[in-house]
Amino acid sequence: MTKGKKRNELLYFAFRNTKLKIGLGVVLFFIVLTFVGPLIAKYNPTDSVGPAGAPPSAQFWFGTTTFGEDVFSQFVHGLSSTFLVGIVGGGLGTILGMTIGFAAGYRGGNLDEVLNVLTNVVLTIPVLALLVVISAYVKVRGVMIESLFIGVTTWPWAARAIRAQTFSLKTRDFVDLARLSGESPVKIIFTEIAPNMASYLFMTFILMFGSAILTAATLDFLGLGPTQGISLGTMMNLAVLWSALMLGMWWWFIPPGIGITAIVGGLYIMNVGLDEIFNPKLREM
Amino acid sequence: MAKYFRRKLLIYLLTFIIAVTVDWCIPRFMPGNPVDLIISRAGLKGSAVSQMYTFYMQAFGLDQPIWKQYLNFWIAIFHGDLGTSIFLFPSPVTKVILGAVPYDLALLIPAILTSWFAGNNFGAFAARSKRLDNTLLPLGYILTGTPYMWLGIVLAWAFGIAWRIFPIAGGYSFAMRPALTLPFIWSLFQHWFLPFASLFIVQFGGWAIGMRNLIIYELEADYSHYLAALGAPKRLVRKYAFQNAMLPQLTGLALQLGVIVAGALATEVVFSYPGIGYLILQAIHNEDYFLLQGCFLFVVIGVLLANFIIDITYVIVDPRTRAGMQGGAS
């Protein structure tokens, strides 16, 4: 009964929250575009289909590149790799962060010491520089490999946050009770601790999702993106490489940047909205 | 305090060892041996291939046992020897990178400091002010979602191509030779401004929203309510909230360093600004792996030093770390 009531209350605040509505709206728009876009786009993203460097027109909505490729087709195809990196990279990072954060926070002691040092070490290494060195040696790169690398290197931030939360939850009475009744640590973590920080975990995932997209975009921009296919970052890379700037071909580099900014900004704004919903102290007075 | 620094130094030492080890491992255990690459580039045939192969294996010390190669690598690093650049043959990698470092420092230090101070002050100012909260803070979130290099591209296009106010390539005018003259310094400044601006703007948004959220938390804390109940003026309560919120922001700066440096590297690529980021791009295009590995090590060392400076600042700012009461910026 009380649980149902609480959920209704959250939904009530969720529907009232403008930040959540705007952020979620923007993200959903791009998700829909990812699926519908390739159906609307008339051309293959890597085919030369029109005049070189033509500005946006009725036929080529976002104009064409120096090689006569349709920018709109590239954009909608690039979106899917952006979301894939976000889900796989951000998801893997969150799962690793959860595993290490729960283990360190719940067990404490020596395991915590070791994991804490490991977390801080990986946290101090400049991730992008590391990814650059690794990617430069991989000759054939796919979006999945890229996401994997990003996930494996970006977990420490999540691990730290989750460890701190676990620490404060594990001394609570209901956790003691579960321990007294002989439940296994894994079960306690998943049935007692995790549900009580579900909102926190979800928000962590959203932030990891956003930062994975930004990291991938930077990597792609340096020319270390997927060797086949197209992503928003590679579009910017090619635009700068083929001096779209000097030629004033703004339609080549503006859309991919707007896409990334809107998705990541939307995710962040959505996160603030969620924070206000879950945390009554932050609700606007 | 001694314990605090011991712990920090242990972490930094481990980080450095791991970074060096990664640098050593990657070329040796990744598919695509650099020696094969050099030979295939030279286009040799027949017995020349195996002869050149042994020659290069010996020249790079790759015929020695693994543990000895690892030891040699460390010895070379302590001698400041990171190999020879292929792209700028025959300059040693260390020399090439040291030539680029001043540009990075000139870009990063002012951008980090100014954006941190300005962003924090603005965020504190905007907190709990409804109008600013609803107009400027969404902007802050959009800014944090902006990829550094894209903002750089847009600024370069607007101010460099469309309006022609600033130059958009290089560290100084190509027509000049480095000298301590006023026109040259002016040229340096002109080339520096846009990359600096794009770094400043993106970071500013992040600090402003971070501070705004922290101030709201602090204003809800017991001590704030207590002060208010005592009848303390609003300004005083906010002052205490601000001082308390500065500490997590300082930790935040340490955590963000890697991301900021990455942003600077990408921004340098946009503006062909001759820092390490630009070197990395050249190294990737020319498959100059020694240079790439050297850049990685320098970035790691830079981030470690910056972290250490922040740790010292933290001890100065937060008396609790001095008294050994709390962990501080862990």
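User: Which residues does B:Asp23 touch, not counting residues up to four places away in sequence?

Analyst: B:Asp23 touches B:Gln293, B:Phe296 and B:Leu297. Two residues are in contact if their C-beta atoms, placed from the backbone, lie within 7 Å. This is a predicted model, where local features need pLDDT of at least 70 and side-chain atom pairs count only at pLDDT 80 or more, while totals for chains, interfaces and linings use all residues. Residues are numbered from 1 along each chain as its sequence is written, chains are lettered from A and ligands numbered from 1 in the order in which they are written.

User: Why is B:Asp23 called buried?

Analyst: A residue is buried if 20 or more other C-beta atoms lie within 10 Å of its own, exposed if 12 or fewer, and partly exposed in between, with C-beta atoms placed from the backbone. B:Asp23 has 20 C-beta neighbours inside 10 Å, so B:Asp23 counts as buried.

User: Where in chain B does B:Asp23 lie?

Analyst: B:Asp23 is part of helix α1, residues 2-29. Helices (H or I, at least four residues) and strands (E, at least two) are DSSP runs, numbered from the N terminus. Chain B has 13 helices and zero strands.

User: How far apart are B:Asp23 and B:Gly294 in sequence and in space?

Analyst: The two are 271 residues apart in sequence, and their C-alpha atoms are 8.5 Å apart.

User: How much of chain B counts as buried?

Analyst: The share is 37% of its 330 residues.
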